[in-house]
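Have the model open as you read.

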Amino acid sequence: MGYFSAFAIFFIIWWLVLFATLPFSLKTQDEDGEVTLGTVPSAPRGAHMLRAMVRTTIVAAIIFGVLYYLNQVAGYSFDDLPRIAPEFN
């Protein structure tokens, strides 16, 4: 796997993990009890993007590390998935 391919795969994993983990640890204005005039109560209380980006990078690095190990070290690829699942005949 080349550097560009590895970066592209990590980038795709990072974006998927970002949108999956973005709602975690989010406090709304309604939960905080202070709703700003002109906003909906479900709006976020404050900016939490830095914490979300750090959490996303850590989780994406772990997922990418597992995929890299399975692909480069263990020799598995997406072509091997049909052979991993048992046949139900």
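Which helix do the buried residues of α1 pack against? Their partner is α3, which covers residues 49-73. Bear in mind throughout that this is a predicted model.

**The helix itself**

Helix α1 runs over residues 3-21, 19 residues in total. At 1.5 Å a residue it should span 27 Å, and its end C-alpha atoms lie 26 Å apart, which agrees. Buried in α1 are A6, I13, W14, V17, L18 and T21. Looking down the axis of α1, you will find its buried residues within an arc of 140°, so they line one face of the helix. An α-helix has 3.6 residues a turn, so residues three or four places apart point the same way. Turned away from the buried side is a face that carries the exposed residues F4, I12, L16 and F19.

**The aromatic rings**

Six aromatic pairs occur in the structure. One of them joins W14 and W15: the ring centres are 5.6 Å apart and the planes stand at 90°, so this pair is edge-to-face. Ring pairs also build a cluster, linking F7, F11, W14, W15 and F19.

| Residue | Relative accessible area | Class |
|---|---|---|
| W14 | 13% | buried |
| W15 | 35% | partly exposed |

Methods. Residues are numbered from 1 along each chain as its sequence is written. This is a predicted model: local features need pLDDT of at least 70, side-chain atom pairs count only at pLDDT 80 or more; totals for chains, interfaces and linings use all residues. Side-chain values use heavy atoms; hydrogens and water are left out. Rings of Phe, Tyr and Trp (its six-membered ring) pair if their centres lie within 6.5 Å; planes under 30 degrees apart count as stacked, over 60 as edge-to-face and the rest as tilted. Buried means under 20% relative accessible area, exposed over 50%, partly exposed in between (1.4 Å probe, protein chains only). Helices (H or I, at least four residues) and strands (E, at least two) are DSSP runs, numbered from the N terminus. The expected span of a helix is 1.5 Å times one less than its number of residues. The arc is that of the directions from the helix axis to the C-beta atoms. Contact means heavy atoms within 4.5 Å.
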